[in-house]
Amino acid sequence: MILKKSLWSWALTRCRGLQALLLLLIVFTVFFRVFPLEMQKRIVNEAIRFRKIDTLFLYCGLYMGAVLLAGILKYAINVLQGYIGQKILLEMRTGLYQHVLQLPIGFYRRTPPGMVISALTSEISSVAEFLGSAVAVPVVNVLTLGTFGAYMFYLNPLLALLSLSIYPFEIAIIPFLQRRFNRLNSQRVTERRAMSNAVGEAVSGIHEIHANASYQLESEKVARFAKKLFQLRHRMNLFKFGIKFTNNFFQSLGPFLLFLLGGYYSIQGHFSLGALVAFLSAYEKLYDPWKELMDFYQNYQNAAVSYGRIQEAFDVQPEFRLLARDKKLVALSGHLQVEDLFFDVHGKIRLLEQINLELQPGQRLALVGLSGSGKSTLAMILAQLYRYEHGHVYLDHHELRELAKAEVIPHLGFVAQYPFIFDGSIRENILYGCRALSTVAGKTAPDDDPGSEEILHMVDQVGLTDDILRFGLNSLVGADCCQDLVHKVIRARHRLHDAWGLELADCVEFFQKGTFMEHSSIATNIVFGYPSGEGRPCEILPKSPRFRAFLQEKGLLEPLLALGLDVSRRTVPLMRDLGDDPFFFQQSPIPPEELDLYQAIMEHYKEEHPAFQPRDVEPLLALALRTVPGKHKMVTVPRELRAKILEARPLFRDYCSRKDPEAFVYYSENEYLHSRTLLDNLLFGRLKEDGSWAWDKVMKAVVDLLHEEDLYDRVLELGLEFQVGSKGDRLSGGQKQKVGIARALLKKPRLLIMDEATASLDMASQHRIQHYLDVELRGKATVVSVAHRLETIRDYDLIAVMKSGQIVEMGRYQELMEKRGLFYELVRGND
Amino acid sequence: MSSSEETTKGSGIPEEGTEHVCELDRNVEILRRVDTFAGLPLERLKVYALLCHRLRIEKGQFLFQQGEPADKAYVVIEGKAQIIRQYEDHSFIVHELHPGDFFGGLALLANVKRLFGVRAAEDLELLSIDRESFRKILRQFPELIEKILDVMIGRIVATEEKLLEYHIHECVIH
């Protein structure tokens, strides 16, 4: 197991070739560090003293060369060290994560996510920093120290002995301080994890926090930890800088001794001046390796603390093996037998007691009972999510506990009550099970993925087609893809106008050159298109001097400013009392944060036709341009202004094509509008209201059209690419559940386990899925279903009624009803 | 028996305005003629008018069916509609709705199921308001609660009374 290795074994067994190279470079640098000292001595003693210019040049040159080479080597060493450290980190981190993922569900019940994240990110990286330097730094610095020491002995043994005598004192004091520091550091790890947990919890519980306005409460929780961390960090600093101080103090004792004694010897003539300079230099040079050794020692201690804490936190064994020892289960019939199964948690709380049942391949079992009766626990044990210790579960006569994940997973489909949806597309989420399967089975080629046709079939079976269609129709098609699709859509657009144009005029506003569009902004009405770059026309245009010049020239500026003022007068008084609830402001052209601005403007102009001040032009113009008459109900656009806008439309296009032909994309019957949705493109218009009645009516026409033009599956495929957002937040509860079911069914499992898998579905979808189970899966898969709606299990082969962890009744629907026991009560209670 | 528990008679509908009257003001005019909203101050009524939606139903289509979950109330703007009570093998037209009539109001108060279906007898234009909007406004302006509840409770009392009368009537007959 990855965590059993000691810190040193990581350092000594990884990247051996690179470590050897590193050592070699180090030996060279040590030489190039001492060499300049000798040059220094010779420059003073030989060149300067005897006034030899040539020798001076030679020694200076050599000195320079050695310093340069030492620098280059140092650079190479640092790069190598960093590389080795990060390389080991990579292996450690991926290995640790793989281990962490396989840990049992019980582990996660007591381990908050914040702690796992903290361990995998910051804690482990401090270990890596140390690992890169674990071999090189002690070797290089001990060597350097030794070399300088030896050189000093070579210059003057007595002085050397004296100046080195201070080190033993340091070696005695520093570890004492360090131990104190380590203890605090370990506490700091604990507190930091606790703080990560508090933050993590607040993020996942943000709904509750907003609902209770418990901001103060939550921030106090984190503040408590932050304060503790502050105190710990402060005390750690006391020790850390205490160590530094001790170090520096003893270090500066050295020159004191040297000047005193060295000076004395020099005056007495026992010691050359050059030798004293070199000796001082050598002593100064001792400082660097010693300091590095000290840092190394501190890094090592920090890494040891972090690593120890990680080891201790994750020292748990996975409950099931991942890979099979010998492939026992290549094919599976789906026979399931449970014998005297008991299941306890925390060693004492008994969740299941003496469960016995048997299912022949293809049979269906329903588990029913009140909540807390153990039915979900049983389902999860059958899906290998929990490990049982007492009793037996046989899958095709193999003990389930002993089977490896790789043996069970290919045959098992599990649908949780709230399936987890991962960030990514719907397609990726539906394929999740199949893709995982191919990695477990050792295949990595994504060609094995089920094709779109198969996925769409499954999507249809679980009743997700309408949603996928909607996602597809609402998606944007980029300018650089799907040329064939674009052409087909444009063709379909003409067909739609011919066949359904009149019928849909009620709920769709078509883009027509000569018509004022009530459901588009005033800006869009003028441009009759959109900017080719980023941003919406109503955001860009008010700032553009060229556009203002155009409006001025066509006599549109004044009426638009008047409209802006009129919109403010109608909107501000209405919205002022509504707080800043976004719900109310959906229908407002003025967002809550701009209410004050427009109120000030509005109060400034009392008269009917005021002269506008230059500073108010931009906000008023912006407001007028973003107004959508059909949506912002408080607004009316005067008839004269509409006429003027329509007049300006072709003029604007001319004006722009002269000044900047690339700036806008204009609505044109024969072009695809890439910044508009596929549906807008098909309609060449937009829905007047979001109401479902309009949607249903339009959908009827659009679906017919898509079928006729052979575009239907293409649009569905686009819909499969819909990005569901983090945790599938952009999907409804029912959609998530359908995706979860499709994910499990796409694997064509022999054993299907569903834990209230249809609980958040409406009746129609539930019947649809039941029908799939009844017809398509009949006899092909053994089904275990935790059921809450009892009318769906009428023709199940077996119903097990559970109460307090035991099966109290078992039989078919009719038998159990006639028995008039607990099941009868449950059915009656359900009505 | 009338289904007045959920509908009220309106007093006609204002003329469709000229271009210069905005949709908001037209909605206000419509709501003012509904007793539930009639007593509200104009500036609050405008908020309701803002959150209303217009919709059209073609002749013969159902707006909703009996037993469906309900979260909207409606005012008829134009056209005629029928209130239909459905039973397993037959259904009755209980009542006819005309411009200005308000129906489905209970849906604004609680999550109930429709007690009847509504079908367009002519092409129908309606104004709808949903429960979420209705409640959000009450939460924003709690002083409105009393006014609105008074009217709604008054209506429920009237229905209750009618029901009792009806029972007495039944008893006399039998």
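Strand β3 (residues 364-369) of chain A runs parallel to strand β12 (residues 782-786) of chain A, and four bridges join the two. The model is predicted: local features need pLDDT of at least 70 and side-chain atom pairs count only at pLDDT 80 or more, while totals for chains, interfaces and linings use all residues. Residues are numbered from 1 along each chain as its sequence is written, and chains are lettered from A and ligands numbered from 1 in the order in which they are written. Strands (E, at least two residues) and helices (H or I, at least four residues) are DSSP runs, numbered from the N terminus. Two strands count as paired if DSSP finds at least two bridges between them.

**The six-stranded sheet of chain A**

- β3(A) and β12(A) belong to an open sheet of six strands with mixed pairing, in the order β6-β11-β12-β3-β13-β14.
- β6 (412-415) and β14 (806-811) of chain A stand at the edges with a single partner strand each, so one side of each has no neighbour in the sheet.
- From one strand to the next, the twist averages 15 degrees.
- A:Ile799 has A:Gly811 in β14(A) as its bridge partner.
- β13(A) and β14(A) form a hairpin with two residues between them, and A:Ser804 in the turn has a positive phi of about 40 degrees.

- Helix axes here are lines fitted to C-alpha atoms over the stretch in contact, and angles between N-to-C directions run from 0 to 180 degrees.
- Angles under 35 degrees count as roughly parallel, over 145 as roughly antiparallel, 65 to 115 as roughly perpendicular and the rest as oblique.
- A crossing is left-handed if the near helix is turned anticlockwise from the far one by less than a right angle, and right-handed if clockwise.
- Residues are in contact if their C-beta atoms, placed from the backbone, lie within 7 Å.
- Helix α23 (residues 595-604) of chain A packs against helix α24 (residues 614-626) of chain A at an angle of about 115 degrees, with the axes 11 Å apart.
- α23(A) is therefore roughly perpendicular to α24(A).
- The crossing of α23(A) and α24(A) is left-handed.
- The contact is made by A:Leu597, A:Tyr598 and A:Ile601 of α23(A), together with A:Asp616, A:Pro619, A:Leu620 and A:Leu623 of α24(A).
- α23(A) also crosses helix α21 (residues 557-575) of chain A at roughly 120 degrees, and their axes come within 9 Å.
- α21(A) and α23(A) are therefore oblique to each other, and their crossing is left-handed.
- On the α21(A) side, A:Leu565, A:Ser568, A:Arg569, A:Val572 and A:Met575 meet A:Leu595, A:Tyr598, A:Gln599, A:Ile601 and A:Met602 in α23(A).

**Domains and annotations of chain A**

- The domain assignment, with bounds from an automatic or database source, gives domain 1 (2-313), domain 2 (322-468 + 726-831) and domain 3 (512-666).
- The C-alpha centres of domain 2 of chain A and domain 3 of chain A lie 57 Å apart.
- UniProt positions are given in the numbering used here with shortened feature names, and annotations may be inferred rather than shown by experiment.
- An unreviewed UniProt entry lists "domain: ABC transmembrane type-1" at residues 20-302 of chain A.
- Residues 20-302 of chain A are 93% helix and 0% strand, and the end C-alpha atoms are 25 Å apart.
- The UniProt annotation "transmembrane region" (unreviewed entry) covers residues 20-36, 56-77, 158-177 and 245-267 of chain A.
- Residues 20-36 of chain A are 100% helix and 0% strand, with end C-alpha atoms 26 Å apart.
- Residues 158-177 of chain A are 90% helix and 0% strand, with end C-alpha atoms 31 Å apart.

- Chain B has an open sheet of four strands with antiparallel pairing, in the order β3-β8-β5-β6.
- Its edge strands are β3 (62-64) and β6 (91-97) of chain B, each pairing on one side only.
- β3(B) pairs with strand β8 (residues 117-120) of chain B in the antiparallel sense over two bridges, and B:Phe62 has B:Arg119 in β8(B) as its bridge partner.
- In chain B, 16 residues are in contact with 16 residues of chain A.
- α3(B) gives the most to the side of chain B that touches chain A, with four residues.

Terms used. Contact = placed C-beta atoms within 7 Å.
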